[in-house]
Amino acid sequence: MRATTLIRLFTACLMVLGALFIFRGFLAQSETTQATQLPASPADVIYNPYPPGILPDDLNAELARVLREIDSIEGRAIQRWHNLPPPILTGQPPILQNTGTEAVEILGELMQYDKKISPNRNIACASCHMPYVAFSGPIPSVNLTMIAYPGTVHFRAGKRTAQRYTYSPFFPVLQFNEEQGLFFGGNFWDSRATGYLLRNPDAHQAQGPPVDTQEMGFPDTACITFRLSQSVYRPLFQLVWGGGSFDINFPPDTEQICATPGGAAVFHGDTTPVNLSPADRTRSNDVYNHWGQSLDAYEQSVQVSAFSSKFDAFLAGNYTMTPIEQQGYNLFRGKANCNSCHLDGRGTALTPGQSDNSKTAQVNPLFTCFGSANEGLPLNPRDAFYYQTTPDQFGFIGNPFGFGYRDLGMGTFLRSGPGSWPNPNLSWRQFAPLTDGQMQVSSARNVAMTPTRCPTTEAPGPYFQKEFFHNGYIKSLKQLVHFYNTRDKPGFAFDVTSGHCPDGTIEKVNCWPRPEVPNNIDMTTGNLGLTDQEENAIVAFLQTLTDGFTRPYPFLDAFTGTCMSGGSASTQGNEFLIPTPPLPPCAPEICDVAPLPSPNPIP
């Protein structure tokens, strides 16, 4: 009897449990159905204001490819950190003895490849700056089409090309030289990272992208501090910069704020939405300064700025240039006048028949004068920035001016204008008309660096498609040299915009559209009288400036994408030219700001 009763009770329990499981299954199914019916969050919505062809077809696949490469390099950097013997804090002032240099460089490297330093945890500094292209743009199709790289919000994008990191730490604090009447120093194309506070333009530059609305996109610098406090390499940060670095009371809504991209309408223009006490804000600012200094340490290290090229071996007497390389070098510091801006540590011989046989005065030349120049490039209608004229899913408008935007470079910065930073020195503002259109003279070092599997920048290749100058208009080194050589050659300059060269001409070959900014054009180049063969020789010399000859350059093998092939370097990328639409006048918010552009208004 008892057995029968137990069996009945057991059966009843099973039935109750079965009913519960069935009910929970229906409930789960109902919850899942409801979840799929909820509207997508703003982060899941794609912002695409672009006409067909601006975004490359392989964009999502290429972004995913770069993220996989970043993960791989980050893993190796973490292993490098774990293998590092700890430095010894000793001395007065206290110094991290023995491995302190490597510790801060590794910290910067880990920051470089950290995807969590973005609201959506989907973009790192390296997303736009990978080592196999001298820390510039790693996606060939982006370099051909949209020019600027997508940020954490897909698909906001900036307005200029991703500048190379290599040798940027050696640029001095921005200064106006009264005797020369010129600015020297700073970082970024427009030199807005002046280094005025940290006295280090490269560290100042590193503080920009994490809070740039169209790049990594945090709404508050405190978000970088918050995410660093959660990072796997927090112990290394504290070892380098102090154990109390993250003793900050973050409010409960910090995660929610930091998961929302900058520029979102919900912030109403507030750039410090994380509500910190004055003491905690100061501590967070210190952490952000150390963020910039750590990245600068990495970029200044031999892992990035290596001085390991053929040219460095040549200066040390350990390499003999080939005849075409030597010819190119002679032209570089002679007839072509490249050396007047991209200084090689020696003189410039411009008189026909003149040669410079002087001994090298500088054995680590940086191939830049640290200045700025307006080279007269035409407006590039492929730049994604021009099309971001409507609100995205967060209510943010990237470019309210559309094609009324003109990139005045340093001139806009000195006026504290749209798309730049506030000018920290009021006395500089008066010089804005003299700098309209000017962009930084980048180091020529590593201009030709490509991944191991794609050995050149030049068609027919196999080649890696890069982009040159601030707006990516030039697509090969051959075109670059040809532009300097023939921009002002009679019969080559036309009063048209890009995509509208006259019949019977070929853009970038024997037709150069008019400059975007016609004031302050650099006239030291433009009609050099070089032959086609001499142009090729200069390209050959520029390739001797690529690091990795005397010792391996890190991560040149990290590229897992596809090389391009075919065509000619002279017309490389021309199949992607598009007609510039009729241009409205320059927006008054840019061109009608005092002191006004002169001697002529910007059209």
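1. Tyr113, leaving aside its neighbours within four places in sequence, is in contact with Ile70, Ile73, Glu74, Ala124, Ala126, Met130, Pro131, Phe135, Tyr298 and Phe555 (contact means heavy atoms within 4.5 Å). The model is predicted: local features need pLDDT of at least 70 and side-chain atom pairs count only at pLDDT 80 or more, while totals for chains, interfaces and linings use all residues. Residues are numbered from 1 along each chain as its sequence is written, and side-chain values use heavy atoms, with hydrogens and water left out.

2. Tyr113, Leu228 and Trp291 touch the most other members of the largest nonpolar core, which has 92 residues. A nonpolar core is a set of buried Ala, Val, Leu, Ile, Met, Phe, Trp, Tyr and Cys residues joined through side-chain atoms within 4.5 Å; buried means under 20% relative accessible area, exposed over 50%, and partly exposed in between (1.4 Å probe, protein chains only). At least two residues of this core come from each of H2, H3, H6 (221–229), H7 (234–241), H8 (254–258), H9 (278–300) and H16 (588–591). H2 supplies the largest share, eight residues. Helices (H or I, at least four residues) and strands (E, at least two) are DSSP runs, numbered from the N terminus.

3. Another core, of 34 residues, lies apart from the largest one and includes Phe311, Phe469, Val481 and Phe541. Val481 is also one of the buried residues of H14. In helix H14 (residues 477–486), 10 of the 10 residues are buried, and these pack against helix H15 (532–542).

4. The whole structure has 22 salt bridges (a side-chain nitrogen of Lys or Arg within 4 Å of a carboxyl oxygen of Asp or Glu). Within helix H2 (residues 59–82), Arg65 and Glu62 lie three residues apart, about one turn of the helix. Their side chains meet in a salt bridge (2.6 Å, N to O), and both residues are buried.

5. Asp71 forms a salt bridge with Lys115, with 2.5 Å between the closest N and O atoms. This pair links distant parts of the chain, 44 residues apart: Asp71 is in helix H2, and Lys115 is in the loop between helix H3 (100–112) and helix H4 (140–144). Asp71 is partly exposed, at a relative accessible area of 36%, whereas Lys115 is buried, at 19%.

6. Asp436 and Arg415 meet through their side chains in a salt bridge (2.7 Å, N to O). Asp436 lies in the loop between helix H13 (432–435) and strand E6 (439–440), and Arg415 in the loop between helix H12 (410–414) and H13, so the pair ties together parts 21 residues apart in sequence. Asp436 and Arg415 are both buried. Elsewhere, salt bridges with shared partners join Arg160, Asp190, Arg192 and Asp407 into one network.
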